[in-house]
Amino acid sequence: MAKNYTRKFQYEILKMHVIFALITVIIMALFMTFMDKYYNGAFVDTVADIIGWNFAHFLLQNKSMVICFVLLVVLLMNSLLVEMYAIRKISNVFSQMKILFQKDDQRIHLDEYLVELENDLNDLKFKSIENEQKAIKEAQHKVDMIAYLAHDIKTPLASVIGYLCLLDENNDLTEEKRKEYTHTTLEKAYRLENLINEFFDIAKINQSSSPLHKEEINLSMLLQQMKEEFFPILIQKNQEILIKVDESMMFYADPNKIARVFNNILKNAFYYGDEHSAIHVEAYEDESHTHILFMNHGHTIPKDKIDLVFEQFYRLDESRSSSTGGSGLGLSISKTIVEQHGGSIKLTSENHMTTFEVTIPRSINEHISENV
């Protein structure tokens, strides 16, 4: 329902009309008293002395007309004063409006009865500044995306070209060396494919062009399936995934996209978790949401870096180098997907324990999003 910003202002103008009307009544009462006591005597004599007897005689003969004239003048003055008051207040609003377009922290200040308009204008101003800063940041991200992706592609591409050249130019290579170079080339080609896929993934999600296909999911079964998929990776560092989730726990989400979120978080836990450690996965429900927690033991993330973990390309920080295998887009993609489900994702890290908490609405009717 649209707000009626002028209602209180209308009440204020009406109040001023009432005040001036009361003043008018008082003035007319005093004037009538004056007319009854002094009009035929001292008043007419004074007018005769100043202006002349003819005009004084006219006033004496047209007493009723004089009263009506005075009443009309008072009413006109009433309207004029109220209009001047209203114009002054409206002018104040327009003078404050220029602050709306200033890129600073100065707030708009209006009269008390326009407090709703004042609050909304201030919200609009600061939201506009925030959106502008966000747009600048996103534009910079796009530039960074091209620069960083080009940098990341260059290394494996150079390796692919180099090994292919070796295979093409050296006919005397042993079968063992040929297989080694072919295998290395294939690995670098897969690396290129992963980088390009992640580039298109983040572009696709930013365009919000892919619809969600929500359904009820058994959380325990989904996590167990992912645990099996991660087994060949985990043995590289002698890690394991320990799942503590009620087998009957259900939640409502797009299975493919939410699996993508869990996959990215588990990859992060694998890359930055200690060797011979366990990745713990737990879940619980409250009245409106399902909470899924992923915990791994490893290096503590500094508090001033926690929010940056979800930034695109954050892995370019020295603590997240390309040797970990990712392009720095995974957690950014995960955050976007979770938020488009109407949920949230947060990170805590202390005492060498890092925890990702994914929160998803439980109700089918809550936060249903048409696009992702």
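A surface patch here is built from residues with over 30% relative accessible area and no salt bridge; like charges are joined within 9 Å, and nonpolar side chains (Val, Leu, Ile, Met, Phe, Trp, Tyr) within 5 Å. Accessible areas come from the Shrake-Rupley method with a 1.4 Å probe, and for residues only the protein chains shown count as cover. This is a predicted model, in which local features need pLDDT of at least 70 and side-chain atom pairs count only at pLDDT 80 or more, while totals for chains, interfaces and linings use all residues. Residues are numbered from 1 along each chain as its sequence is written, and side-chain values use heavy atoms, with hydrogens and water left out.

**Stop 1: the patch.** Select F69, V73, M77, L80, L81 and M84. Together they make a nonpolar surface patch of about 560 Å². V73 sits in helix α3, residues 63-97. Helices (H or I, at least four residues) and strands (E, at least two) are DSSP runs, numbered from the N terminus. V73 is partly exposed, at 36% relative accessible area. Buried means under 20%, exposed over 50%, and partly exposed in between (1.4 Å probe, protein chains only).

**Stop 2: the whole chain.** Zoom out. The secondary structure comes to nine helices and seven strands. Of the 372 residues, 38% count as buried. The chain exposes about 23,000 Å², with carbon and sulfur atoms supplying 57% of it.

**Stop 3: confidence.** Colour by pLDDT, the predictor's confidence in each residue, from 0 to 100. The chain averages 79, and 78% of the residues score at least 70. Now select 316-325: here the pLDDT is below 50, and the stretch has 16 contacts beyond near neighbours in sequence. Residues 365-372 are also below 50, with 26 such contacts in the model. Where pLDDT is low, the predicted coordinates should not be read in detail.

**Stop 4: the cores.** A nonpolar core is a set of buried Ala, Val, Leu, Ile, Met, Phe, Trp, Tyr and Cys residues joined through side-chain atoms within 4.5 Å. The largest has 38 residues; L219, I258, F262, F294 and F356 have the most contacts inside it. Elements giving two or more residues include α6 (219-234), β4 (278-285), β5 (289-297) and β7 (353-361). Helix α7 gives the most, with eight residues. Centre on F294. Not counting residues up to four places away in sequence, its contacts include L223, F262, I265, L266, F356 and V358. Apart from this core lies another, of 16 residues, among them V93, I99, L110 and L114.

**Stop 5: the salt bridges.** The structure holds seven. Each is a side-chain nitrogen of Lys or Arg within 4 Å of a carboxyl oxygen of Asp or Glu.

- Select D104 and K125. Their side chains meet at 2.8 Å, N to O. D104 lies in the loop between α3 and α4 (115-169) and K125 in helix α4, so the pair ties together parts 21 residues apart in sequence. D104 is partly exposed at 31%, whereas K125 is buried at 1%.
- Select K257 and D254. This bridge spans 3.7 Å, N to O. K257 is buried at 18%, and D254 is buried at 2%.
- Select R362 and E285. Their closest N and O atoms are 3.8 Å apart. R362 lies in the segment after β7 and E285 in strand β4, so the pair ties together parts 77 residues apart in sequence. R362 is partly exposed at 36%, and E285 is partly exposed at 35%.

Definitions and conventions
Contact = heavy atoms within 4.5 Å.
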